[in-house]
Amino acid sequence: MQQLNFPPYTFRLKSSENKPLIFDPIRKKFVVLTPEEWVRQHTVKHLQEAYKYPLNLINVEKELKVNGLSKRYDVVVFESDGSIRLIVECKAPKVNVTQVTFDQIARYNLTLRASFLMVTNGLNHYFCQMDYEQKKYNFLRDIPVYSP
């Protein structure tokens with residue numbers, strides 16, 4: 001798999017039926033290792049290691065309804081009260097992050113109402129803080145480290 005713009009992390013990998021698999025500590029099972037999954041697993045590990053988010057507050061690949069359509073978010077980090085602190089949209093490294101990507105996560109956030117947004121293709125990471133009064137997001141250099 002491609003080297004990403006994250007610190008080096010260790011993952012549990014295996015192969016089954018000639019498909020590479022990676023262990024997802026959130027779903028507690030091996031999943032097919034696609035380029036997007038490689039980015040997602042690095043992101044989860046980074047949220048845990050660098051930002052100190054507890055694994056029990058992180059969720060991945062869950063369905064949500066957006067304007068009546070079924071969508072799936074990549075990563076969500078909850079607050080201890082159940083509100084959503086962060087939504088992360090992961091793309092494969094070869095996918096350029098564009099306005100379309102930000103529009104996608106903004107649509108998800110109409111339903112989820114997170115405080116922060118992160119978009120990454122594993123090479124470039126973008127962070128935003130929501131400003132619901134002004135109905136916009138403001139770009140940040142980074143997101144805050146977890147504090148209960």
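Which residue's side chain is joined to that of N109 by a polar contact of 2.9 Å? The first legend gives the partner; every view is taken from a predicted model.

**View 1**
The side chain of N109 makes a polar contact of 2.9 Å with the side chain of Y132. N109 belongs to helix 2. With a relative accessible area of 3%, N109 is buried. Beyond its neighbours within four places in sequence, N109 is in contact with I87, A114, L117, M130 and Y132.

**View 1. Helix 2 and its buried face.**
Helix 2 covers residues 99–112. At 1.5 Å a residue, its 14 residues should span 20 Å, and the end C-alpha atoms are 19 Å apart, which agrees. T101, F102, Q104, I105, Y108, N109 and L112 are buried in helix 2. Seen down the helix axis, the buried residues fall within an arc of 155°, so they line one face of the helix. An α-helix has 3.6 residues a turn, so residues three or four places apart point the same way. On the face turned away from the buried side, helix 2 carries the exposed residues V100 and L110. R113 follows helix 2 and has a positive phi, near 55°.

**View 2. E89, a buried residue of strand 6.**
E89 is placed in strand 6. Its relative accessibility is 4%, so E89 counts as buried, the limit being under 20%. The side chain of E89 is joined to that of K91 by a polar contact of 3.3 Å. Another polar contact of 3.3 Å joins the side chains of E89 and Q104; Q104 is one of the buried residues of helix 2. Not counting residues up to four places away in sequence, E89 touches D74, T101, Q104, I105, Y108, M118, V119 and T120.

**View 4**
Strand 5 and strand 6 run antiparallel and are joined by 4 bridges. V77 has L86 of strand 6 as its bridge partner. Strand 6 and strand 7, by contrast, run parallel, with 5 bridges joining them. Here C90 stands opposite T120 of strand 7. In a regular strand the side chains alternate between the two faces of the sheet.

The largest nonpolar core has 27 residues. L47, Y53, I58, V75, L86, V88 and I143 are those with the most contacts inside this core. At least two core residues are supplied by each of helix 1 (35–49), strand 4 (58–66), strand 5 (69–78), strand 6 (84–90) and strand 7 (116–120). Helix 1 gives the largest share, 4 residues. Leaving out residues up to four places away in sequence, L47 touches K52, Y53, I58, V75, V77, L86, V88 and I143. Another core, of 15 residues, lies apart from the largest one and has V76, I105, Y108 and A114 among its members.

N18 is not a glycine, yet its phi is positive, about 65°. The loop that holds N18 runs between strand 1 (13–16) and strand 2 (19–24). N18 counts as exposed, at 77% relative accessibility. K52, also not a glycine, has a positive phi of about 65°. K52 lies in the loop between helix 1 and strand 4. With a relative accessible area of 51%, K52 is exposed, because the limit is over 50%. K52 is also among the residues that L47 touches.

**View 3. E133 in the loop between strand 8 and strand 9.**
E133 is found in the loop between strand 8 (125–131) and strand 9 (136–140). E133 is exposed, with a relative accessible area of 77%. From E133 to K62 the separation is 71 residues in sequence and 28 Å in space, C-alpha to C-alpha.

Methods. Residues numbered from 1 in each chain as written. Predicted model: local features only at pLDDT ≥ 70, side-chain atom pairs only at ≥ 80, totals over all residues. Heavy atoms only, no water. Core = buried A, V, L, I, M, F, W, Y, C linked by side-chain atoms within 4.5 Å. Buried < 20%, exposed > 50% of the residue type's maximum accessible area, 1.4 Å probe, protein only. Contact = heavy atoms within 4.5 Å. Expected span 1.5 Å × (residues − 1). Arc of directions from axis to C-beta. Polar contact = N/O pair within 3.5 Å; in protein donor to acceptor, adjacent residues only side chain to side chain. Pairing = 2+ DSSP bridges.
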